[in-house]
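The entries below follow the order in which I went through it.

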Amino acid sequence: MNLRNIYWNSLSNVRKIGRGIDARCKKYYVPLLQRMSGRVFSVEIESRVGLFAQLNQCLRLFAFCELNDLKPAVRLTSPLYVTGERDSWFDYFFLNQSLTEDERHQIATGALRTFHVSHIEELGIPSFEQLSMNLYRANEIFFRHAAVREDITKSVESFIQRHFDGPTLGIHFRGTDKSSEAIRASKYSIETAVDDHQNREDKATTIFVASDEAAFIEWAARRFEQLNVVFREDSLRSGDGKPVHTRSQIGDNYAKGEDALVNSLLLSRCDALIRTSSFLSAWSSVFNPDILVRRVNQPFTEKSWFPDSAIN
């Protein structure tokens with residue numbers, strides 16, 4: 001290795017160490033700097049986790065701000081969902097209801113400080129357990145600060161009007177890389193859960209299916225063909241067992257985010273929900289805490305995160 005490579009490798013290592021120290025120290029100096037910024041707590045999170053795992057971080061920030069009489073302002077700049085280099089994908093789908101136009105302008109111009117992190121943990125934000133979070137409180141807090149944009153709500157309502165015919169049962173099957181967080185659910189467990197539901201008085205006439213795996217959608221359409229089986233024509237589904245949402249280089253990043261959010265909202269509007277362990281369908285219970293849920297597999301104990309941990 002020549003001197004030039006040694007120099008640049010050493011510089012890279014020093015920068016990496018510096019970023020690590022800064023991340024660990026943020027929880028101590030950010031509160032002081034934030035108080036100097038007034039009542040607005042502006043945070044930019046660049047995180048390479050799934051869409052709803054990032055919304056979890058937003059929810060924690062919103063709850064923390066309510067406890068401390070602050071106004072949250074959030075930017076989510078994960079490369080997994082943005083289409084422009086300096087975009088915030090949160091703004092693609094939601095309106096931040098907490099801020100005035102003047103506060104938005106001050107944040108955009110830098111007059112109000114924005115804190116940049118890769119995870120909300122760096123700010124010392126309390127955990128969901130410390131915040132005593134439950135599904136109803138999560139719903140209230142989230143929608144006090146975020147409103148779903150009109151084009152997304154129109155897409156949801158249009159699909160429901162066209163396809164939800166009579167009592168509707170939602171099915172969400174999360175495959176691909178989810179086996180690292182829960183034992184993969186079998187099709188048999190889905191069949192059993194659907195049969196049990198259909199033995200109830202309020203049995204479904206329509207089944208809405210959402211999945212990251214194309215093969216599961218095809219199987220469900222065949223297996224439950226005696227019912228009205230419907231699903232969205234998502235922009236991209238996995239056909240090789242590999243996740244699509246963690247690969248920003250394939251597909252349309254905006255469309256992948258829209259697919260995830262709209263599917264979760266549609267599942268929340270079903271009369272009942274059969275689901276596998278997943279943030280996407282767990283957030284359906286944040287959007288609608290009253291929905292009747294049956295989960296066919298459990299997350300591993302150390303991977304049982306909110307809102308999955310709060311769903312009975």
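**Entry 1: the sheet around β1**

I began with strand β1 (residues 40–45), which pairs with β2 in the parallel sense over six bridges; helices (H or I, at least four residues) and strands (E, at least two) are DSSP runs numbered from the N terminus, and two strands pair if DSSP finds at least two bridges between them. I note that this is a predicted model, in which local features need pLDDT of at least 70 and side-chain atom pairs count only at pLDDT 80 or more, whereas totals for chains, interfaces and linings use all residues. Residues are numbered from 1 along each chain as its sequence is written, and side-chain values use heavy atoms, with hydrogens and water left out.

The open sheet that holds this pair has three strands in the order β2-β1-β4, with parallel pairing. Its edge strands are β2 (71–76) and β4 (114–117), each of which pairs on one side only. Neighbouring strands here are turned against each other by 25° on average, direction ignored; axes are lines fitted to C-alpha atoms, for helices over the stretch in contact, and angles run from 0 to 180 degrees between N-to-C directions. Helix α4 (residues 101–109) packs on this sheet and touches β1, β2 and β4, with its direction at about 50° to that of β1; contact means heavy atoms within 4.5 Å.

Is E44 buried or exposed? I found E44 in strand β1, and E44 counts as buried because its relative accessible area is 6%, where buried means under 20%, exposed over 50% and partly exposed in between (1.4 Å probe, protein chains only). The bridge partner of E44 in β2 is R75. The side chain of E44 also makes a polar contact of 3.2 Å with the side chain of R86; such a contact is a pair of N or O atoms within 3.5 Å, and within protein one must be able to donate a hydrogen and the other to accept it, while residues adjacent in sequence count only if both atoms are side-chain atoms. Not counting residues up to four places away in sequence, E44 touches R75, T77, R86, T114, F115, H116 and V117.

I then followed V117, which is found in strand β4 and is buried, with a relative accessible area of 5%. V117 and V43 are 74 residues apart in sequence, yet 7.5 Å apart in space, C-alpha to C-alpha.

**Entry 2: helix α5 and N139**

Which residues of α5 are buried? I listed L135, A138, N139, I141, F142 and H145, and the buried residues of this helix pack against α2 (51–67), β2, β3 (94–96), β5 (146–148) and α11 (284–287).

Leaving aside neighbours within four places in sequence, N139 is in contact with V286, F287, N288 and P289.

**Entry 3: the five-stranded sheet**

I next looked at an open sheet of five strands in the order β8-β7-β6-β9-β10, where the pairing is parallel. Because β8 (228–230) and β10 (292–295) stand at the edges with a single partner strand each, one side of each is left without a neighbour in the sheet. The twist from one strand to the next averages 20°. Strand β7 (residues 206–211) and β8 pair in the parallel sense over three bridges, and T206 has N228 as its bridge partner in β8.

Helix α7 (residues 187–198) lies across β6 (168–173), β7, β9 (272–275) and β10, running at about 165° to β6. Helix α9 (residues 253–268) lies across β6, β7 and β9, at about 150° to β7.

**Entry 4: the chain as a whole**

Residues 24 or more positions apart account for 72% of the contacts with a separation of 6 or more.
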